[in-house]
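Welcome, and thanks for taking a look at this one with us. Please have the chain on screen as you read the notes below.

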Amino acid sequence: MYTFTNLLVVQYSDPGVHFHAGLSDCKAIIGEAAELECKLSSEECEGIWYKDGEEVKSSEGITISKEGSFHRLKIHKVTEEFAGTYKFEADGRKTEATIAVEDPPRFDTEELEAFKTPVTVKKGHKATFKLSYIGREPLKVQWYLEGEELSDESTIKLEHSDGCTNLLLMKLQRKDSGEVKIKLKNEFGTVEAFSQLIVLDKPTPPMGPLEIVEASSSAIDFKWRPPKDSGGCKIGNYILERQQVGRNTWKKVGPIGPEAKYRDLDVDHGRRYCYRIRVETEMGTSELMETEDIQAGTKAYPGPPSAPKVVTAFKDCINLTWSPPSDTGGTNILGYNLEKRKKGSNLWGQVNPLEEMIKGKGCAVKDVVEGMEYEFRVSAINNSGAGEFSTPSEFVFARDPKKPPGKVIDFKVTDSSYTTLSLSWTKPKDIEGVEDEAKGYYVEIRPAENTEWDRCNSNAITMTTYTVKGMKSMGMYWVRVVATNDGGEGEPQELDNYILAMPPPVRPRFTDAKIKSFMVVRAGNSARFNINFEASPWPEVIWLKDGVPVSKKVTISNAEGTSQLLIPSAERTDTGIYTIIVKNIVGQETISIEIRVTDEPKPPGPVELDENVPGTVTVSWTASPDEKRDDRLHYMVMKRDSNKRTWNTVADRIFNNKFTACNIMPGREYQFRVYAKNDMGSSKPSESPKWLISTKKEKFKVTMPESKPCNLQSPPKFLVPLKMHTAPQGYECYMSCAVKGDPTPSMTWLRNNISLNTNTNYFISNTCGVCSLLILRVGPKDTGEYKIVAENSMGRAECSTKLTVRE
């Protein structure tokens, strides 16, 4: 081991040329070029290249060049013989790297482009895929069709020869169409190539269902769906044949083009027709699809319109509107028939005369009796006649409109939580001719930050109570209720003040049945204490230690109705009185807990015995180191004599450092043990020397063993390693580590395996085993791996790190 008393900074002068950048290992592919490059600190210096120890010069396959301070060795076309270790040496400095020659699988570029072109063949024919490749054997060749690997079988042939592979697919079917992939793999890598196989076949038949656009007395117009598979070809024509139902012959209509629709104008009213449809492509004609029978001039009645809607109602007139039917029956809607029925009656009466249909989509019904309640229904009419009636309208009274109701009375909040609000009110008063009776109510809320009111119920409620749900906890809301009847909506009634989404106020109180007021925690363990409480609104929770806020070390976790105090890895300094204060707008509650952090005490110091009074022994001892910081620490004394040979407790809970034992018998040998004790337990004992009462006291002798010389020699060892460094460009960077060893080791700093001990750009020091390197202004050239090597006669040790320069 070694030590120094002064810091010594040694600055060396530049010894000559050195490398700014050394050679780097590289991988080269056979047939391609490879290059090695290094950079010297001087442009004038020349150097020599070596391969596996032998000098290399420019030749037919290698070019050696120098450009300023850069020196390069370029191999034009790599072969196996170029693999090896290359070294560049200049002015006594050298750097080396390895070229590893690899031969991964590769495809010929021109053949690969041709391979990517899709291959199109007809059904039953064969397709060939061929591709050349290079790469070191053993080399695995795999072919795939639509992701499934292919192997030799009756319709698949795989052939592999030197540098070439063939795939032959025979008796191809339409379903064989898809992606073709070849995959090559050897020890150096994997390569893939893709192509497409398209097998042409006859198309499948057209698809239904048939859609009849028109089936009138003069034309049949219909559509169908194209075939599921066109066989890989464009549809040229649809070929149609027609048969009049009841006859045995089919009439050829002929090719009609590629659109899947046909309008037949050569029909007779009332007759039924059937059609056969085929698809025609360049690969041939599909099987046929035969349609259902279609009747020319079939009566098609319209569907039902929407239910009539009451626009206004008076004692002598009720105004209605409706929407036309979605199914018009294939022709235009000519008009409508309207019927009415009194409530409680089964008889519907025609509103409009049968010979006078309603042309518009609404009607004013005047044939009503004041005070009676009616419902209405409507049917649409087209060329075929009147269709189905709509569903009936809502019942409506033939009377003048009602007046809207007034404001509700006694509007108040009956209950609340963080997400709900319960409301109640009394129905508004009826004032004849001014405000009619309320039939229902709407509840509306408005968050304080918004200007728009949101309606809570889409349909009016008849009850005078309502619970608003989905409110934002502690959100601020304005609330109102609107009464409504057949005459419209009345004026809203608002609460006088805004509402906070929270339960009714509750004064804080602790809910634990019994809360501990004292806790003992072993030093190094965590101390955790939970307090449960209830309060509304959400209270503020404060923890204090000895009357001041707890330190940042203490973690406080608050959740709804509970608070937790956590002291991770408690220390003796964490001992104290911890107080929790829970307070809100209603009041506050406080409770305190004493937490004592302690550990098993350390044993007392040496124990001494003395005879002040005959027949007694005074036992005294040095205090335990924990006595000053633990006011609950005390001592216990145990005694053993040569007669009983067992240890017995003679005193406990002694708060001083002395005890007098009585009844000491002459002729017996005594021994005492003293223990330190606290809330966590007792320490190891401190033992007294043996005590024997005799007429002649002998001197106490201590025999010391003979000391032996100690050999402190040891190999170098890093006590503190180098750390990773990231330094901004232009700033200084300081690296340091600590090493021990005897004899004193010699230290060598290297960057990218190049020694820095003679480089004046770095300040290197070694003080008391602390080795440091300082770079005053970091630049991009300083990026790299830094290593320090320690050597002495006992051995060698290394430590390394990396420096990254940030712009």
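## Salt bridges across strands

Which side chain meets that of Lys-690 in a salt bridge? The partner is Glu-669, at 4.0 Å from N to O. Do keep in mind that this is a predicted model. Lys-690 sits in the loop between strand S62 (686-687) and strand S63 (691-692), while Glu-669 belongs to strand S60 (residues 669-678), so the contact ties together parts that are 21 residues apart in sequence. Lys-690 is exposed, with a relative accessible area of 54%, whereas Glu-669 is partly exposed at 31%.

A second pair to look up is Glu-798 with Lys-787, whose side chains form a salt bridge of 3.9 Å, N to O. Here Glu-798 is part of strand S72 (residues 795-806) and Lys-787 of strand S71 (residues 784-792), so the bridge links parts that are 11 residues apart in sequence. Glu-798 is partly exposed, at 40% relative accessible area, but Lys-787 counts as buried at 18%.

Lys-545 is buried, with a relative accessible area of 19%, and Asp-546 is partly exposed, with 47%.

Elsewhere, a network of salt bridges links Arg-242, Lys-251, Asp-264 and Asp-266. The count of salt bridges comes to 47.

## Antiparallel pairing around S17

Strand S13 (residues 127-134) pairs with S17 in the antiparallel sense over six bridges, and Thr-128 has Leu-168 as its bridge partner in S17.

Strand S16 (residues 156-161) also runs antiparallel to S17, joined by six bridges. One of the bridge pairs is Ser-161 with Cys-164. S16 and S17 form a hairpin with two residues between the strands, where Gly-163 takes a positive phi near 75°.

## Cavities inside

S2 provides the largest share, three residues.

Met-476 lies in strand S42 (residues 476-485) and is partly exposed, with a relative accessible area of 34%.

Definitions and conventions. Residues are numbered from 1 along each chain as its sequence is written. This is a predicted model: local features need pLDDT of at least 70, side-chain atom pairs count only at pLDDT 80 or more; totals for chains, interfaces and linings use all residues. Side-chain values use heavy atoms; hydrogens and water are left out. Helices (H or I, at least four residues) and strands (E, at least two) are DSSP runs, numbered from the N terminus. Buried means under 20% relative accessible area, exposed over 50%, partly exposed in between (1.4 Å probe, protein chains only). Two strands pair if DSSP finds at least two bridges between them.
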